[in-house]
Amino acid sequence: MLIIGKLKQGEGMLERFLEFFNSEEVKEERKKVANTEKTVFSILPDKSGFLMKASVFNFEGIKDLLNGNNPVINTPEYHEVIDFFKLYEINEININE
């Protein structure tokens, strides 16, 4: 799954998000919905957001996690930095056919 996250405008939003995202509580919640060892994370060049390629196994759980419905995630810190997320399914395309 490709996840695009956009941060709210303001000084230090990326740093605040990364501190929150990498907290032990959030890491444990992320492990419940995706294989975190296979997640690839990249920051947008203008630092306004990020891209993640995640190996998600709990699709309802990832939606709850990203929209703030998860009780661990639903915090003032989360809502102060996250503007929106977009999720995309990634499917293999056979180029030899």
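Predicted model: local features only at pLDDT ≥ 70, side-chain atom pairs only at ≥ 80, totals over all residues.
Local features need pLDDT of at least 70 and side-chain atom pairs pLDDT 80 or more, while totals for chains, interfaces and linings use all residues, and side-chain values use heavy atoms, leaving out hydrogens and water.

**Stop one: the pocket.** Select Lys8, Gln9, Gly10, Lys47 and Ser48, which lie nearest the centre of the largest pocket among its 13 lining residues. (On a 1 Å grid over the protein atoms alone, a pocket is an open set of points where a 1.4 Å probe fits, with protein on both sides within 12 Å along at least five of seven lines; lining residues have an atom within 4 Å of a point.) Now colour β1 (2-7) and α1 (13-21), the elements that each give two or more residues to this lining. The largest share, three residues, comes from α1. By type, the lining holds three nonpolar, four polar and six charged residues.

**Stop two: helix α3.** Move to residues 59-67 and pick out Gly61, Ile62, Leu65 and Leu66, which are buried (under 20% relative accessible area, with a 1.4 Å probe and protein chains only). Look down the axis of α3: these residues fall within an arc of 125°, so they line one face of the helix. Next, show what covers them, including β1, α2 (24-31), β3 (49-56), α4 (76-81) and β4 (82-88).

**Stop three: the helix ends.** Just after α3, find Gly68, which has a positive phi of about 90°.

How values were computed:
Residues numbered from 1 in each chain as written. Helix = DSSP H or I, 4+ residues; strand = E, 2+ residues; numbered from the N terminus. Nonpolar A, V, L, I, M, F, W, Y, C, P; charged D, E, K, R; others polar. Buried < 20%, exposed > 50% of the residue type's maximum accessible area, 1.4 Å probe, protein only. Arc of directions from axis to C-beta. Contact = heavy atoms within 4.5 Å.
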